[in-house]
Amino acid sequence: MVSARSLSNVMHHSNAMENLAMKPSITVACLGGGPGSDVLGVLDYFMKYMAGFEGQLNIHLYDREGKWGPCWESLKTAIKAELHDDRVAVSFHDFDVTIATADKNKPDLENADLITMHYFMEEVFSERGKTNVVECFKHIVQTAKPGALFLYSGMYMYQVINWVHQLLGDKCKLKPTTGPLKREVSKYYKEEFKWISRIKVNLNEEEDLDLELFDDIKEDLETKYDRMEVTYRYNGDVVYRLYQKYK
Ligand SMILES: C[S@@+](CC[C@H](N)C(=O)[O-])C[C@H]1O[C@@H](n2cnc3c(N)ncnc32)[C@H](O)[C@@H]1O
């Protein structure tokens with residue numbers, strides 16, 4: 001599982017939280033947040049970069065309970081035992097973009113200041129055409145509050161970057177990032193997508209990341225995908241884009 005530290009790094013490099021530090025409370029929702037890795041990523045970010053934050057921090061993780069339920073229970077117990085801070089509240093929600101019931105694919109994001117999607121959109125990309133998936137993302141974008149931030153990050157895949165832009169582009173502004181932008185010249189890109197931010201994850205820090213991650217699909221990657229895209233993936237580059245819903 002791709003680690004928490006890369007989410008913490010992406011939050012830092014994207015400056016996602018720069019105008020939130022003075023708020024009395026901050027709510028972060030992690031879509032496809034996994035076994036709890038994204039909760040750890042958000043906590044890591046706050047410990048490293050927001051140590052002076054004195055308000056309440058609410059973290060909501062959304063993923064499929066059937067897959068991660070037992071991990072969530074363990075993490076809840078560990079957080080209770082280790083994190084002696086009443087100002088942090090963590091909750092886990094059963095969420096499936098493909099299942100059309102009010103409680104499964106209609107997450108309650110109205111209070112979220114930041115909605116993360118870390119290594120999540122590429123996971124559901126192949127299902128993007130299904131009615132339930134379309135409805136789910138429509139609901140998410142519509143019900144997010146004005147000014148809410150969407151932080152999309154993950155594997156370097158042109159098609160996914162374009163899809164995310166299609167989903168968010170109309171209702172949100174793509175925020176400029178402060179880091180050096182890389183110009184991508186690719187037949188896959190339309191003009192407005194040519195400036196993309198990415199950071200390198202230090203694979204030595206990612207103890208849980210299998211360094212031979214792509215070996216089984218190496219041939220496919222090299223013959224069917226754009227050369228630069230594949231190079232970035234091998235390098236462990238994380239692409240990220242920060243959007244803000246129009247006020
Ligand atoms: C690659 S993992 C990333 C997890 C975490 N964000 C991280 O970076 O460690 C993708 C996550 O998407 C979730 N996922 C896949 N399909 C989903 C669906 N249809 N609805 C909700 N979550 C889904 C998986 O359960 C998994 O936790």
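Trainee: How many helices and strands does the protein chain have?
Mentor: The model is predicted, and its protein chain has eight helices and nine strands.

Trainee: What share of the residues counts as buried?
Mentor: Of the 247 residues in the protein chain, 35% count as buried.

Trainee: And among contacts between residues at least 6 apart in sequence, what share joins residues at least 24 apart?
Mentor: That share is 84%.

Trainee: Which residues have the most contacts inside the largest nonpolar core?
Mentor: They are Ile115 and Leu151, and the core itself has 58 residues.

Trainee: What is Ile115 in contact with, leaving aside neighbours within four places in sequence?
Mentor: Ile115 is in contact with Ala29, Leu31, Leu109, Ala144, Ala148, Leu149 and Phe150.

Trainee: Let us turn to helix 2. How many residues does helix 2 have, and how far does it reach?
Mentor: Helix 2 covers residues 37-49, which makes 13 residues. From first C-alpha to last, helix 2 reaches 18 Å, close to the 18 Å expected at 1.5 Å a residue.

Trainee: Which of its residues are buried?
Mentor: In helix 2 the buried residues are Ser37, Asp38, Val39, Leu40, Gly41, Val42, Leu43 and Tyr45.

Trainee: Where is Val90, and is it buried or exposed?
Mentor: Val90 lies in strand 3. Val90 counts as buried because it has 20 C-beta neighbours inside 10 Å. Leaving aside neighbours within four places in sequence, Val90 is in contact with Val39, Ile59 and Ile79. Val39 is also one of the buried residues of helix 2.

Trainee: How far apart are Val90 and Lys80?
Mentor: Val90 and Lys80 are ten residues apart in sequence, and their C-alpha atoms are 9.9 Å apart in space.

Trainee: Now the ligand. Which residues come nearest?
Mentor: Of the 19 residues around the ligand, Gly32, Gly34, Ser37, Tyr119 and Glu123 come nearest. Helix 2 and helix 4 (121-124) each supply at least two residues of this shell.

Trainee: How do the shell residues divide into nonpolar, polar and charged?
Mentor: The shell around the ligand has seven nonpolar, six polar and six charged residues.

Trainee: Where is Tyr119, and what is its phi?
Mentor: Tyr119 sits in the loop between strand 4 and helix 4. The phi of Tyr119 is near 55°, a positive value in a residue other than glycine. Most residues other than glycine have a negative phi. Tyr119 is buried, with 20 other C-beta atoms within 10 Å.

Trainee: What about Asn15?
Mentor: Asn15 is not a glycine either, yet it has a positive phi of about 60°. Asn15 lies in the loop between helix 1 and strand 1. Asn15 is partly exposed, with 14 other C-beta atoms within 10 Å.

Trainee: Finally, which residues of helix 6 are buried?
Mentor: In helix 6 (residues 158-168), Val160, Ile161, Val164, Leu167 and Leu168 are buried. Seen down the axis of helix 6, these buried residues fall within an arc of 125°, so they line one face of the helix. Residues three or four places apart point the same way, because an α-helix has 3.6 residues a turn.

Trainee: How far is Ile161 from Val239?
Mentor: The C-alpha atoms of Ile161 and Val239 are separated by 8.6 Å, although the two are 78 residues apart along the chain. Ile161 counts as buried because it has 23 C-beta neighbours inside 10 Å.

Notes:
Residues numbered from 1 in each chain as written. Predicted model: local features only at pLDDT ≥ 70, side-chain atom pairs only at ≥ 80, totals over all residues. Helix = DSSP H or I, 4+ residues; strand = E, 2+ residues; numbered from the N terminus. Expected span 1.5 Å × (residues − 1). Buried ≥ 20, exposed ≤ 12 C-beta atoms within 10 Å, placed from the backbone. Core = buried A, V, L, I, M, F, W, Y, C linked by C-beta atoms within 7 Å. Contact = placed C-beta atoms within 7 Å. Near = placed C-beta within 6 Å. Nonpolar A, V, L, I, M, F, W, Y, C, P; charged D, E, K, R; others polar. Arc of directions from axis to C-beta.
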